[in-house]
Amino acid sequence: MGVFRTGFVQLRVPDLAAASKYYSEVLGLVETDREADRVYFKGWDEHDHHSLIIRQDERPGLDCFALKAEGPEDLQQFENKLETKGIKVDRISTGERLAQGEGFSFEDRSGHRVVVYYTMKKVGNGLPLENPDPYPQGLKGIAAPRLDHLLMTTPNAAEDLDFYKDVFGFRLTEQVVTPDGNPIAIWLERSHTPHDIAFIPGRPGGFHHMAYWLDSWYEIGKAADVMAQHNVKIDAGPTRHGITRGHTIYFFDPCGNRNEVFTGGYVPDADNPPITWSVDKLWTGIFYWDRSERGSFTEVYT
Ligand SMILES: [Fe+2]
């Protein structure tokens with residue numbers, strides 16, 4: 001029982017044409033569908049119809065993110081738990097959202113809209129299931145294979161920690177705590193990676209970044225080359241995080257939504273104890289190599 005992973009992220013973009021070109025040619029995602037006001041993408045190695053939706057809107061930011069449940073019985077259990085916490089659920093019927101089966105959405109403690117579902121149309125990863133090549137031909141740009149995680153902002157990480165553990169069975173991998181032991185930033189996983197979702201201090205509903213996975217540190221360097229070729233401004237990196245141990249590079253889409261490509265980290269067993277960072281070591285946790293404060297990284301988000 002539980003959720004597999006973060007299923008998809010839906011972002012607002014003021015310039016749908018520019019954003020669509022960027023996600024296709026720079027991040028190298030595969031466009032799977034489009035409607036009048038939105039475009040659907042997936043990483044090349046994902047089998048489900050989409051892991052990213054960009055939607056035309058006046059201001060950038062996060063519309064919602066989605067958790068893919070393990071089965072239909074989980075939907076009812078999650079709904080019951082949310083009800084006991086006084087959280088209203090909006091049902092989503094099959095076919096109501098393109099390529100997505102039944103589910104529901106709700107607003108979490110920190111003001112983020114969360115979609116929960118368990119089926120999505122399968123479109124495959126461009127490779128046969130029998131005798132496949134290691135990757136398909138014709139990939140573009142960074143050619144990210146799959147969505148990895150997203151980081152959001154919250155006024156109360158301690159509350160979010162209790163909520164996501166209790167309702168969805170997330171496990172805490174890492175936290176930043178104040179001297180009195182109060183968590184102000186948290187990293188949570190369901191897919192045996194350092195994080196599927198994470199929260200840092202900030203306003204309710206804030207979106208810091210979403211990250212697509214790459215297979216190696218070498219690929220992170222190649223991603224920097226692709227950004228230079230396309231005149232995409234690099235926000236931070238390539239570098240290594242202390243928190244998660246991952247290798248990373250940050251950049252922005254043409255509409256101001258922060259993106260990351262990420263690799264490495266560790267494989268947490270479900271019974272691992274969480275790692276704790278004291279708040280005075282926050283910047284070592286974020287940028288392990290230069291260990292210096294960069295206010296814009298935590299203060300600028302959509
Ligand atoms: Fe990240």
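In which strand is the place of R38? In this predicted model, R38 lies in strand β3, which covers residues 38-42. The side chain of R38 forms a polar contact with the side chain of D37, at 3.0 Å. Beyond the residues up to four places away in sequence, R38 touches Q10, L16, I53, I54 and R55.

The iron ion is coordinated by three residues of the chain, namely H149 through NE2, H209 through NE2 and E260 through OE, at 2.0 to 2.1 Å. Along the chain, the donors of the iron ion follow the spacing H-x59-H-x50-E. The two histidines link distant parts of the chain, as H149 and H209 are 60 residues apart. H149 belongs to strand β9 (residues 146-154), whereas H209 belongs to strand β13 (residues 207-213). Both H149 and H209 are buried.

The buried residues of α3 are A157, D160, L161, F163, Y164, V167 and F168. Helix α3 is followed by G169, and the phi of G169 is positive, near 75°.

Conventions. Residues are numbered from 1 along each chain as its sequence is written. This is a predicted model: local features need pLDDT of at least 70, side-chain atom pairs count only at pLDDT 80 or more; totals for chains, interfaces and linings use all residues. Side-chain values use heavy atoms; hydrogens and water are left out. Helices (H or I, at least four residues) and strands (E, at least two) are DSSP runs, numbered from the N terminus. A polar contact is a pair of N or O atoms within 3.5 Å; within protein, one must be able to donate a hydrogen and the other to accept it, and residues adjacent in sequence count only if both atoms are side-chain atoms. Contact means heavy atoms within 4.5 Å. Buried means under 20% relative accessible area, exposed over 50%, partly exposed in between (1.4 Å probe, protein chains only). Donors are N, O and S atoms within 2.8 Å of the metal (3.2 Å for Na, K and Ca); water is not among the atoms, so sites may look incomplete.
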